[in-house]
Amino acid sequence: MAKLFRTAIMGPPGSGKGTISKRIAQNFGLQYLSSGHFLREGIAANTDAGVLVKGYVERSMLVPDHLMSRLMLPRLEQLTGHSWLLDGFPRTIAQAKALNDICQMDLVISLNIPFETLRERGRDDVTGEPLIQHADDRPEALQARLRHYKDVAKPVMNLYKCLRQEKRITQQRRSSKQTAWFPVPRHPVPVLGYRHRPHLALHQLSSQH
């Protein structure tokens, strides 16, 4: 890509977000950035933020927003000259606002995966027999995790939709003759939502060039 392009991907537990993210990044020449990788790297490097993160990870607790931002934002600021796809950050409205303070997003991808599809992930693809599952993979736990994800993700998606609308209005006021084509830095943030059809998402992305 000739111009810098920054995108983030969001999806519920078990959505295959990591696999899809890597595929998109590879096809469109984006640097794949994983919040999980940054967390592990910070812990291994024994940085101040890494030490704090380690305490939460060892207790299987969610890392607080301010700590996630403290870990992620400096790394993203080091990549100002790169195009990237961000996986795992932002997860919450607080993280999204913190990210927006340093970087204008060009695209946000939201994976909408039916519950039945997520539940079937616990079965063998060939025989259909149940695989060995952790407690967190069972239907009851999966439903709870999915509800939590939706509660947290909805405000984030709403924020980006509002930013998109605000920028669209601003552009229209500046000149009714100007059109923002994809991907242009600081243009309205498209929020791309699709069901579990990665090939469709890739087509939609490529068709906007």
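**Helix packing and overall make-up**

A: The model is a predicted one. Helix 2 passes helix 3 in a left-handed crossing.

Q: Which residues make that contact?
A: Helix 2 contributes Leu39, Gly42 and Ile43, while helix 3 contributes Gly50, Val53, Lys54 and Val57.

Q: And at roughly what angle do the axes of helix 2 and helix 3 cross?
A: The angle is roughly 115 degrees, and the axes come within 8 Å. Helix 2, residues 35-45, is therefore roughly perpendicular to helix 3, given that angles of 65 to 115 degrees are classed that way.

Q: What about helix 3 and helix 4, at what angle do they pack?
A: Helix 3 (residues 48-58) and helix 4 (residues 65-77) pack at about 140 degrees, and their axes are 10 Å apart. That angle makes helix 3 oblique to helix 4. Helix 3 passes helix 4 in a left-handed crossing.

Q: Which side chains or backbones are involved there, by residue?
A: On helix 3, the contact is made by Asp48, Ala49, Leu52, Val53 and Tyr56. On helix 4, Leu67, Arg70 and Leu71 take part.

Q: Changing topic: which residues of helix 5 are buried?
A: In helix 5, residues 93-102, the buried residues are Gln95, Ala96, Ala98 and Leu99.

Q: Why do they line one face of the helix?
A: Viewed down the axis of helix 5, the buried residues fall within an arc of 165 degrees, so they line one face.

Q: Now Glu140: buried or exposed?
A: Glu140 counts as exposed because its relative accessibility is 57%, and the cut-off for exposed is over 50%. Glu140 is located in helix 7, which spans residues 139-174.

Q: What share of the chain counts as buried?
A: Of the 209 residues, 40% count as buried. The accessible surface of the chain comes to about 12400 Å², and 50% of that belongs to carbon and sulfur atoms.

Q: And what share of the contacts joins residues at least 24 apart?
A: The share is 73%, taken among contacts between residues at least 6 apart in sequence.

Methods
Residues numbered from 1 in each chain as written. Predicted model: local features only at pLDDT ≥ 70, side-chain atom pairs only at ≥ 80, totals over all residues. Heavy atoms only, no water. Helix = DSSP H or I, 4+ residues; strand = E, 2+ residues; numbered from the N terminus. Buried < 20%, exposed > 50% of the residue type's maximum accessible area, 1.4 Å probe, protein only. Arc of directions from axis to C-beta. Contact = heavy atoms within 4.5 Å. Areas by Shrake-Rupley, 256 points an atom, 1.4 Å probe, with all protein chains shown as cover. Axes fitted to C-alpha atoms, helices over the stretch in contact; angles between N-to-C directions. Parallel < 35°, antiparallel > 145°, perpendicular 65-115°, else oblique. Left-handed = near helix turned anticlockwise from the far one by under 90°.
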